[in-house]
Structure formats: C-alpha cells, structure tokens
Amino acid sequence: MAASPGPAGGAAAGAVHGSGPFGLAFDSGLEIKTRSVEQTLLPLVSQITTLINHKDNTKKSDKTLQAIQRVGQAVNLAVGRFVKVGEAIANENWDLKEEINIACIEAKQAGETIAALTDMSSLNRPESDGQITIFTDKTGVIKAARLLLSSVTKVLLLADRVVIKQIIRSRNKVLATMERLEKVNNFQEFVQIFSQFGNEMVEFAHLTGDRQNDLKDEKKKAKMAAARAVLEKCTMMLLTASKTCLRHPNCESAHKNKEGVFDRMKVALDKVIEIVTECKPNGETDISSISIFTGIKEFKMNIETLRENLYFQSKETLSAMLDALLERTEDFTDSAYTSHEHRERILELSAQARMELQQLISVWIEAQRKKTKSIDEELELAILKISHSLNELKKELHSTAVQLAADLVKYHADHVVLKALKLTGVEGNLEGLAEYACKLSEQKERLVETCRLLRHVSGTEPLEITCIHAEETFQVTGQQIISAAETLTLHPSSKIAKENLDVFCEAWESQISDMLTLLREINDVFEGRRGEKYGYLSLPKPMEQAKIAKLGLKLGLLTSDANCEIEKWEDQENEVVRYGRNMSSMAYSLYLFTRGEGPIKTSQDLIHQLEVFAEEGLKLASSVQAFSKQLKDDDKLMLLLEINKLVPLCHQLKAVTKTPSQNQVFLKVDKSITKTRCIMATLVQLLSLCYKLLKKTQMENNRWVSVTNKDSVDGKT
C-alpha cells in the first residue's frame, strides 16, 4: 500500500501508482485510455479557442487552412475515443447508463460539427462557394465547443460518481472481512481469511491511491495520505497482533493490543470515505482550532484592509481575533518543556501586540473623525508596528517549537527505551517492564505535546495535517508497544509475541525518523523555500510568458498526435508503447506548465520532469533498437536513422537542464520547451514507423506460415 504521508503533507507519498484522470481505475486498459483521451481533449479545446479568436481578415494561407483542419480532425478523433470509454463505463454501471450515453451522444455530435466546420480540403475549389466553415460560421464553432465541454464534463462527473461508489464498495468489503478476522479463533481459518483481506486491501489501496492523486485540495490530499499510511502500517500490525492472540488466547494484553489495531484501522477507513464523499458522519463539523500562524495571517489581512476602508472591520472583531490567537500561545507558555527564556520572550511579545492594537484602534478612531495626511501616516505606522510585533512573535514560536522537536528527536535517536523493553520482555522481567513502560509513556507525552506545538508553526494546511498524524501515531503506538511488551514479558519464549513487539517498535522508529523530515519541511516553509506558486519560473515580462504559451500550444498538439499513434497499437503493454505513453504524459504536464497550470509548480519540479522525460526518451530508443534487430536491412536502416535523431536530442535536453540559468530564466525555459517539442515530433515519427514495420513483419510471418503449411499439405498429397 502507500508509504507514510511524510512531512510534506503526504501529497505525493501515498500514491501506489500513477492514476488516470478522475481516478478511473476499472481496469488498466480503461484507465490508460481515459488518461490518454482527456490529455488529448484538453489541449485541443484550447486550440479551438485560438481558432475561434482568430481575426476574420487573417490571410488564409495553405498552412493556416491545414492547421485548422488538423485541429478539427484531431478533436473529432479524440472525442470518438472519449465516447468509447464513456460507453464502456455506462455498460458497467446501469444506474448511470442513460445519463452517460446522452452526454456521449452530445459529445459525438459536437466533435462531428467541429470537424465539418474546420474541413478546408475543398475550400479553394470553385464549387465550395456555399460551404459553411469556421470562416463563415464562427458562432457554430463556439456552440459546438461549448456543447463539447459541457458533455465531456458531464461524463467525467458521472465517472467520478462511479469511482466514489467503487471506493465505498471496496471499503465495505474490507470492513466485512475485518469483522470475520476479529471473531476467528482457528489459525488455519485465520490464514484463509487474512489472504482474502490482503487482496481486498490491495484493491482499496489502488482505488484510494488514484483518488489521492486526483484531489485538487492539498488539505484533503494530505488527509488521504495520512489515512492510507495508517492502513498500510496497521495491516502488518493486524497480522502479528492477531497471530499473538491466537497463540495466547487467554492473554488480556494481547487482546488489548489487537483491539487497538482494529479500532485504528476502522477510524482510518471512515476517514477515507469522509474525504471522498465530502461529508462527515452524523453531520459532524471539523472542531479542530486553527493554528497560531494561520490566526496571525488572518489577523494581519484584516488590519491591512484599514488602508482601503476604515469601516470594513469593527474594533471589537479585531480585539477578539487578537485575544483568540494570543490565547493559543498558552500551549507554548504553559508547556513544561519550554525554556524560561523562550517563555519570557513569548509573553513579552504578546503584551506588546496587545498594546500596539490599542494604539492602532486609537489612531483608527481618529482617522474616522477626520481625513488628513498626518492621520493617514499615523495609521500606516500603527499597522506596520503591530505587523512587525506579530512577525517577531512568529519567529519566537517557530524557534521554540523547532528547537524542542530537534532536541527531542536527537535525544531519542538511539531508541534506548525500546531496546530495554525488548530485553525485559525476553527475560520475563515484570519490574523492568513497569520501569521502561513508564519511561516510554513520558517520552510519548513529550512527543505528542511537541507535535502539537509544531502544528502551530507548520505554515501550511498539509503540514498541519502531518503534525496531527504524527501526534496521533505517537499517542496510539506508544500504548500498543506497552501492551505488546507486556504480552512478551508474560510469555518470554513466544516467537510470535517477540515478532509482534518488533513490528510496533519499527512503526515508532519510523515515525521518529519522519519527524526529521517534518522539521526540514517546516523550516523550508518558514524561510520561504516552499509553498509559493511561481508560474513560468518567474518570467518577468508578459511578452516572454506569451512566447512560452505559444510554444506550449504546439507541444500540446504533438501530445495529441502521439496519443493518436499510441491508440493504433493492439498491444498496449508493448515496451515502445509504454515509454511513448509516459513521454506523452510528461509532455502534457509541460504543456500545462506553459499555461501556468498543472502539477509542475517550481523550477526544481520543471528540471526534474525534463530530466525524467529525457531518460524515458533514451529508454524508448534502447527498446526500439532492440526491435530493429528483428527487421530486414532496409527497414532496420530506416528505423536506426530515426533513433539517431532521438538520442542526441535527449542528451541535449539533459545538458540544458544542467546549465546554470544565471538570471536567464526565460532562455532556459525556452530552450527546454523547444527541445521537448523536437523530441515529441521525433517520437510521433518513431511510433508511426515502428507500428508500420511491426505490422509488415507480422504479415510476412503470417505469409511464411501460410506458404509453409501449403507446402506441407502438397508434400503429403
């Protein structure tokens, strides 16, 4: 299943494998086709928009007419593939079949209309005077494009409902099997049921992994990653805890240990359903209080509105907001682990913020009475003063929490208490167990409190979720280690009891290790190295952004061409197809980047994507070269010529990614996208040529088999 969500908020870590758009995981072929079709449709819709916005007096050169017709045909082909996928979904889901089929019919009509209006093949012939085209009926294209977008959206939304139903159904199967596992008291029966449970958990992992990748809300993504991480770790715990119970049926601590695992898994399963259905059980609401950093951010936004509107806020509201966020600093000042110096500084800065708010309110009241330049300056100064005080408070809180956590993780890095518990267990030392269980409880309480403080200074919602996940993990796992150690101490020669304790100790050690990464992430956010959107690598001029967008549009069309070539192949698991599909998918992400959208958000993301893209291109070249060995000399030469174009391009792209930008960001992006386009153009040619040569080889082999069979029959005659 998934890895631990990790301190980055778990956005990426929980994925099992790459998912298709909207998580359509009915079977691998359908998932691949859906992803391919959606990636083909979206850039084409963008190009239709470009066509719609063309100037009527634009010179209608042959090149322009061919480009228009090419886009129209590509749209119609992509829609056709999309409709096939939609119909396949409809046939498997009778309750939604009618709605999906209607939307598919609308999409098909829209695609055909666009193809007809962009058909320029006979425009220059004399008999074409009355032909309706995009040049004579722009409104028709607009209507068709709108209908296409509307119908495609309907299908995707309905498919999304299917995915949610799949996840709920899968969760229910897991729960039903868990109930059987809880009640089983025969080892052989347990093995059979656990085998079924394992298969069901794998299915649930795939479905929820796809769903996690598709979530746009980073907070939900982090929650999903945390829930899936719990399920992953608890699956192994459930195995050893259940086996221990079966081996020692009368041991109370063993039953307590096992019940803890089942309870945590049920909570995690409910959390997943809550995320995918976007509703809490029994209408509950999220009662977790906001962090101090979030409170400071909201307070500063409110006082800054006074620059524009003196009557937008009330004095009482601002006072209440400041009181609420300063009250939360008591988590730091009341903590026994906060140093005297940190505590005094936090109290001092809190008092200063209160005093400066009173000063701000005084100037604010004065500014409402009379409007003068000097009053405006005083108000600005008061706003800046309280903002500065709150920034200083943030620094102090961040320093306090991070220093506490770093010291604690360093101190417990050697896991002395866990080693001692294992030793007392195999020795059957009950007195030693009591001593070290007490020490682990103290360690647990300190870690839990530190996670609570870290949450206040985490800086982003996904990191807040990760802090909460760490807090819960320490809280629950600490208790389970103690019950597992008690079982081993009562049965010191039990191999399964020892194995069970090892599993829980490993989970604890893993969470301690994750804390180091969490601290790095929190520091990165605090110092401004993470979390910012950057569009076009901070390209300074609109003209440069426009040029990158234009390059991206051509790249988008090439991904569509590549997807069309890939669709021709019967064997979708062929290595050439697989690498080609991966490259097309990555190129599509780069296309989204040129529009300021998609998963690529930072310069590091872009460079990493380009490096992986180039590597995938070299893998494709190697695979095609292996295929060429099956061909005759002429065909082999033709294919090798194309490979010899691809390999240097991939190496050139890798060289571009390693070149220091030295404030020439635009040039680096421009070169990267241009090289990627050249690689994609070569990929389209390679895919087409490989497909033709493969078909030719298959036909010759069939002809040879046919002739051989005929000769054999004639010989017998």
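**Notebook: charges and contacts**

I began with D95, which counts as exposed at 52% relative accessibility. The cut-off for exposed is over 50%, so D95 falls in that class. I note at once that this is a predicted model.

**Entry: the D95 pair**

What does D95 pair with? I looked for a partner and found K165, which forms a salt bridge with D95. The closest N and O atoms of K165 and D95 are 2.5 Å apart. I then checked where the two residues sit. K165 is in helix 4, residues 138–183. D95 is in the loop between helix 2 (62–92) and helix 3. The two are 70 residues apart, and the pair links distant parts of the chain.

**Entry: the whole protein**

I stepped back for the totals. The protein has 717 residues, and 49% of them count as buried. I counted secondary structure next: there are 22 helices and zero strands.

How many salt bridges does the structure hold? I found 26 salt bridges. Side chains of opposite charge can pair when their charged atoms come close.

The side chains of R171 and D270 meet in a salt bridge, 3.1 Å from N to O. D270 lies in helix 7 (residues 252–277) and R171 lies in helix 4, so this pair ties together parts that are 99 residues apart in sequence. I compared the cover of the two partners. R171 counts as buried at 13% relative accessibility. D270 counts as partly exposed at 43%.

K173 came next. The side chains of K173 and E203 meet in a salt bridge, at 3.1 Å from N to O. K173 is in helix 4, and E203 is in helix 5, residues 187–214. They are 30 residues apart, and I note that the pair links distant parts of the chain. K173 is partly exposed, at 38% relative accessibility. E203 is also partly exposed, with a relative accessible area of 31%. Which residues form a network? Salt bridges that share partners join K422, K498 and D502 into one network.

**Entry: a lysine without a salt bridge**

I turned to K97, which is found in helix 3, residues 97–117. K97 is buried yet has no salt bridge. Leaving out residues up to four places away in sequence, K97 touches A90 and N91.

I stayed with helix 3 and picked I105, which lies in it. I105 is partly exposed, with a relative accessible area of 48%. E87 turned up again here. The C-alpha atoms of I105 and E87 are separated by 9.8 Å, and the two residues are 18 residues apart along the chain.

Next I picked L158, whose place is in helix 4. L158 is buried, with a relative accessible area of 7%. What does L158 touch? L158 touches L96, E99 and I100, not counting residues up to four places away in sequence. I also took a C-alpha distance from L158 to A103, which came to 9.8 Å. L158 and A103 are 55 residues apart along the chain.

I looked up E327, which is found in helix 9, residues 315–328. E327 is exposed, with a relative accessible area of 51%.

**Entry: a backbone angle**

Last, I checked H415. H415 has a positive phi of about 55 degrees although it is not a glycine. I placed H415 in the loop between helix 12 (373–411) and helix 13 (416–427). Is H415 buried or exposed? H415 is buried, with a relative accessible area of 14%.

Technical notes
Residues numbered from 1 in each chain as written. Predicted model: local features only at pLDDT ≥ 70, side-chain atom pairs only at ≥ 80, totals over all residues. Heavy atoms only, no water. Helix = DSSP H or I, 4+ residues; strand = E, 2+ residues; numbered from the N terminus. Buried < 20%, exposed > 50% of the residue type's maximum accessible area, 1.4 Å probe, protein only. Lys, Arg positive; Asp, Glu negative; His and termini not counted. Salt bridge = Lys/Arg side-chain N within 4 Å of Asp/Glu carboxyl O. Contact = heavy atoms within 4.5 Å.
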